[in-house]
Amino acid sequence: MALAHFQAGEGERDTAVRPPVSAAPQAPEPTAAAPEPTRKATATVKPKPKPKPKPKPKPKPTAPKRTSATVPRSGPGTFTTATASGKVTGTSGTLRRYRVQIEEGVDLSARGTAEEIEAILAHPRSWAAHGRGRFQLVASDADFVIRIATPDTADALCARQGFDTHGELNCETADGVVVNLKRWMLGSPTFAGPPEEYRHLIINHEVGHEIGIRQHMGCGGPGKPAPAMMQQIKGLNGCRSNAFPYDEEGLYITGPIVS
């Protein structure tokens, strides 16, 4: 008997059974990691810090040292005249020509010292800048002389005028100014500035006498600058040491008359 043959038409579902889709392979379950071997804790010993060195104490400020220049006590009593000459300093007042002499055997240049004195008299706080005279450095035909002498020679020259300068002081004589070499080189123990500044006081004080200021002054009040016409080496009496006749504002520095 023949088997009937059927052909599937459109729209008919294929009834053939497909093989089942196999499930996706599952990942294996994680296994517990093997425990790490136990490490023994070791204490870390930090090195002890080295003690910091103690700071060295700062040295206390000290007064500036005076120059250690050697000042001879005496000399021959003869002098070298500076050959330098200069222009007139100042615009009003009597013209006074001066020459500079240095005792022989002293370690000072006559010309260099004369130029230093010329600069002192031309300073804007000195006499010439304020109408108290005109000055000119000359080598001869001078109206007065400025001599720098050893202490013994200075004493002898000042004694002729009746002054006892004790190997320490300067003086003004009939023919000019006598400057003690010790004061010129070392300054004064009562003066706060260096010897170079103290030289301004020496010249301003003694030339002050030369232009007619005969009397000495005292301190004008505690804390005030000492007058140039004060004998500051004998004590400041509350004033501040000062080398100039005038202050920076152009005012004359004065005080009571004491001698």
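Which cysteine forms a disulfide with Cys158, and how many Å apart are their sulfur atoms? The partner is Cys171, and the two sulfur atoms sit 2.0 Å apart. Please keep in mind as you read that this is a predicted model. The protein chain has 259 residues, of which 38% are buried, and a search of the whole structure turns up two disulfides. Below is a short tour, beginning with the overall picture and then moving to individual residues.

**The chain as a whole**

- The protein chain contains four helices and six strands, and their order along the sequence is β-β-α-β-β-α-β-β-α-α.
- Among contacts with a separation of 6 or more, 68% are between residues 24 or more positions apart.
- The chain exposes about 17300 Å², and carbon and sulfur atoms supply 54% of that area.

- Mean pLDDT for the protein chain is 84, with 74% of the residues reaching 70 or more.
- Residues 1–25 stay under 50 in pLDDT, and the model gives this stretch one contact beyond four places in sequence.
- The pLDDT is also below 50 over residues 30–34, a stretch with zero contacts in the model beyond near neighbours in sequence.
- Where pLDDT is low, predicted coordinates should not be read in detail.

- Helix α2 covers residues 151–159, and its buried residues are Pro151, Thr153, Ala154, Asp155, Leu157 and Cys158.
- Those buried residues pack against several strands, namely β1 (79–81), β2 (95–103), β4 (144–149), β5 (171–173) and β6 (176–180). They also pack against helix α3 (181–186).
- The bond between Cys158 and Cys171 has an S-S torsion of about -95 degrees, so this disulfide is left-handed.
- Cys158 belongs to helix α2 and Cys171 to strand β5, so the pair ties together parts that are 13 residues apart in sequence.
- Both cysteines, Cys158 and Cys171, are buried.

**The Cys219–Cys239 disulfide**

- Cys219 is joined to Cys239 by a disulfide with an S to S distance of 2.1 Å.
- The torsion about this S-S bond is about 90 degrees, so the Cys219 and Cys239 disulfide is right-handed.
- Cys219 and Cys239 are each found in the segment after α4, and the pair links parts of the chain 20 residues apart.
- Cys219 is buried, as is Cys239.
- With the bonded cysteines of the protein chain numbered in sequence order, the pairing reads 1-2, 3-4.

- Where is His216 placed relative to α4? His216 lies in the segment after α4, a helix that spans residues 195–210.
- His216 has 13% relative accessibility, so it counts as buried.
- The side chains of His216 and His209 are joined by a polar contact of 3.2 Å.
- Leaving aside neighbours within four places in sequence, His216 is in contact with His205, His209, Met229 and Gln231, and also with Pro256, Ile257, Val258 and Ser259.

- Gly220 is another residue of the segment after α4, and is partly exposed, with a relative accessible area of 33%.
- Not counting residues up to four places away in sequence, Gly220 touches Cys239, Thr254, Gly255 and Pro256.
- Although Asn237 is not a glycine, its phi is positive, at about 50 degrees.

**A positive phi at His166**

- His166, a residue other than glycine, has a positive phi near 55 degrees.
- The loop between α2 and β5 holds His166.
- Is His166 buried or exposed? At 53% relative accessibility, His166 counts as exposed.

Definitions and conventions: Residues numbered from 1 in each chain as written. Predicted model: local features only at pLDDT ≥ 70, side-chain atom pairs only at ≥ 80, totals over all residues. Heavy atoms only, no water. Helix = DSSP H or I, 4+ residues; strand = E, 2+ residues; numbered from the N terminus. Buried < 20%, exposed > 50% of the residue type's maximum accessible area, 1.4 Å probe, protein only. Polar contact = N/O pair within 3.5 Å; in protein donor to acceptor, adjacent residues only side chain to side chain. Contact = heavy atoms within 4.5 Å. Disulfide = S-S within 2.5 Å. Areas by Shrake-Rupley, 256 points an atom, 1.4 Å probe, with all protein chains shown as cover. pLDDT = per-residue confidence, 0-100.
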